[in-house]
Amino acid sequence: MPLTFPLNPTTGNTYVYSGTTWTFDGTSWAKTSGSTSITAVSDQVNTSTGYIDLPSGTTAQRPGSPPSGAIRYNSSTLNIEYYDPAFTQWMTVNKTAGGGLTFDIEYLVVAGGGSGGVTNLYNGGGGGGGFRTGTISTIISTPYTVTIGAGGSSSNGSDSIYGTIISAGGGRGGVLTGAGSAGGSGGGGGFDNPSGAAGGAGNTPATSPAQGYSGGNGHNANSNGAAGGGGGAGGPGAPGTFAVGGRGGIGANSAITGSNVSYAGGGGTYGNNGSGTASDGGGAGSPSAINGLANRGGGGNNLGSGGSGIVILKYPAAYYITVDAGLTASTVPLA
């Protein structure tokens, strides 16, 4: 189709428009020099078989306050994206078979905490469940497997799963003369055993990325020994000292729910001259069983069971999630 300009020439065969020279051959116009901005051809029929060059930049270079319908090429994700105010985020046209829109989901996946050694008062504390958080791009209407890890009962905790995101269960605390077990965070070493268990990347097999810290070593001093505390998602368990049980490792914080909450702390242990404390969902050292908190992934104390894990997903309010039977879920709108 011929281009129409504000000027209909009656003499000459060239016209300069927006810095571009056009030539008229008696039937239609053709560009002969310069470049045409997109504003110069807006509202015009475009029969070109070439391309329109979109603005390009990384995810970090997205405009801070984009208008509705803004479109760009994301050089970080290698996708074309546009801004949709209904979802208050950039939307991507997915390139997989069948296409579909994608959006970002923020996740927190915490595994079940490990139990303490349980069989004896002087066992190691249980390790906190593995802790993973981040953001992934999700295709609309795609099903994902979700598993909530149970707390360990005389055992490691169970894994929590969201799609391909897997957090490892916390390690069991060592029995009287035994080492702690590896896990998301490792279990503490038992009385008379100087070996706390590795957590996170030190696991066998390794968990990647790291999800927690190692358990504390037991203190071998015959009748004055003490077990080590379980590792936590935010720090290692403390070793036992002279008849004083090790404290549990601190947990890790997440504000995904709108409030800052700590998860996956390690369990503390008992000692004749003092007991190790615990926080962030773990059980404190005691002559009686104290379990890790439910849905916090804390490790049990020297005699306690681990707390169950949790999976939390944060997504735009314009969407909803369908949950199959067998999985307990609740939805909380954020301000």
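## Salt bridges around Glu-81

The side chains of Glu-81 and Arg-72 meet in a salt bridge, with N and O 2.8 Å apart, the term standing for a side-chain nitrogen of Lys or Arg within 4 Å of a carboxyl oxygen of Asp or Glu. Both Glu-81 and Arg-72 are buried, where buried means under 20% relative accessible area, exposed over 50% and partly exposed in between, with a 1.4 Å probe and protein chains only. This is a predicted model, in which local features need pLDDT of at least 70 and side-chain atom pairs count only at pLDDT 80 or more, whereas totals for chains, interfaces and linings use all residues. Residues are numbered from 1 along each chain as its sequence is written, and side-chain values use heavy atoms, with hydrogens and water left out.

The structure holds two salt bridges, and Arg-62 also forms one with Glu-81, the closest N and O atoms being 2.9 Å apart. This pair links distant parts of the chain, 19 residues apart, with Arg-62 in the loop between strand E4 (56-57) and strand E5 (71-74) and Glu-81 in strand E6 (residues 79-84); strands (at least two residues) and helices (H or I, at least four) are DSSP runs numbered from the N terminus. Arg-62 is partly exposed, at a relative accessible area of 24%, while Glu-81 has 1%.

## A three-stranded sheet

An open sheet of three strands has the order E10-E11-E12 with antiparallel pairing, two strands being paired if DSSP finds at least two bridges between them. Strand E10 (146-147) and strand E12 (165-167) stand at the edges with a single partner strand each, so one side of each is left without a neighbour in the sheet.

Strand E11 (residues 160-162) runs antiparallel to E12 and is joined to E12 by three bridges; Ser-160 has Ser-167 as its bridge partner in E12.
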